[in-house]
Amino acid sequence: ASRVMVASRNYADFASEATFEIKKCDLHRLEEGPPTTAVMTREEGLHYYKTMQTIRRMELKSDQLYKQKIIRGFCHLYDGQEACCVGLEVAIKPTDHVITAYRAHGFTYARGVPVREILAELTGRKGGCVKGKGGSMHMYTKNFYGGNGIVGAQVPLGAGIALACKYFGKNEVCLTLYGDGAANQGQIFETYNMAALWKLPCIFICENNRYGMGTSVERAAASTDYYKRGDFIPGLRVDGMDVLCVREAAKFAAEHCRAGKGPILMELQTYRYHGHSMSDPGISYRTREEIQEVRSKSDPITLLKDRMVNTNLASIEELKEIDVAVRKEIEEAAQFATTDPEPPLEELGNHIYYNEPPFEVRGPNQWIRYKSVS
């Protein structure tokens, strides 16, 4: 009888959906903004929770593999910012487009790339999502254009993608992301201008995690109202630690673009728990107490978990089961990423162009004469 009651609790006694109050967005050149309430179903909540927890655990595993010198080179982790990529992804369609900067692991997963392929890419193995050739900063999949290493350079590319969306008339939008550290780049303002003139369906998104490398926003920018930086482009300032707030704002922004009103700018106020990259301990320009305060008061996963438990959308035990399953998935992915072979030397000259057979190109062609001995 007890087993029957447990099963009944698991499937029948939970609420199917709940309505939540969310923080009002600050507006620029908009008469009205996203709603201040959001409905979340139990199924949606479980999906958001598992996705954010997977990204968190994947990044912590990446930290561990980097410290073991299995991951080498540049590596910028996303833990703390999970509500941004998850809230944005669930608000748009798979046919819409996303381009971001080098803190890209979370977006790569949210766009559909399995954890094992992401970790294998980080370790430079042939089973990686870019066959081990991209590494941390250069991951791609369908309708996801990276992962770009040059600060701010992805923003003009995003406008180009939005121009293609408009040209082909498919009513698609492009999410173009950059950080507060890139927000002072001149090419971004040039892109704003072109996007506004041509009414491109481009959502410019500044992930403001308060520090550009080791420099606080207050020291880097005369104006930290990044959502107003488009001047003639409408803007929203959003609580980037709340997945529902991000989701509703992104839905609003996408509808704005699809209605032919041109670009819109979103500033997501968020926070990164790690340093800028793995070479930055992250505590020389901010205190441990500051990081701990954000973790205790604003953590995106904890906020979602508390909401779901308090409104009977899920039980603590059920969410713990998800945690266990996620950790198992991450461990299995890490095992693959550390045992899969590296790409052979003769692969170096391949994939210069999309969908073309290998051919000799000035520069890489010298390697095609050799074979890998590993």
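Colleague: Let's start with two residues: are Tyr 78 and Phe 107 buried or exposed?

Modeller: Keep in mind that this is a predicted model. Both Tyr 78 and Phe 107 are buried.

Colleague: And how do I read the geometry of two rings?

Modeller: You describe an aromatic pair by how far apart the centres are and by the angle of the planes. Searching the whole structure turns up six aromatic pairs. In one of them, the ring centres of Tyr 78 and Phe 107 are 5.6 Å apart with the planes at 65°, so this pair is edge-to-face.

Colleague: Which parts of the chain does the pair of Tyr 78 and Phe 107 tie together?

Modeller: Tyr 78 sits in the loop between helix H2 (42–67) and helix H3 (82–91), while Phe 107 belongs to helix H4 (residues 105–110), so the pair links parts 29 residues apart in sequence.

Colleague: What about Phe 189 and Tyr 192, how are their rings arranged?

Modeller: Their centres are 5.5 Å apart and the planes meet at 80°, so that pair is edge-to-face. Phe 189 and Tyr 192 are three residues apart in helix H7 (residues 186–197), which puts about one helical turn between them.

Terms used
Residues are numbered from 1 along each chain as its sequence is written. This is a predicted model: local features need pLDDT of at least 70, side-chain atom pairs count only at pLDDT 80 or more; totals for chains, interfaces and linings use all residues. Side-chain values use heavy atoms; hydrogens and water are left out. Rings of Phe, Tyr and Trp (its six-membered ring) pair if their centres lie within 6.5 Å; planes under 30 degrees apart count as stacked, over 60 as edge-to-face and the rest as tilted. Helices (H or I, at least four residues) and strands (E, at least two) are DSSP runs, numbered from the N terminus. Buried means under 20% relative accessible area, exposed over 50%, partly exposed in between (1.4 Å probe, protein chains only).
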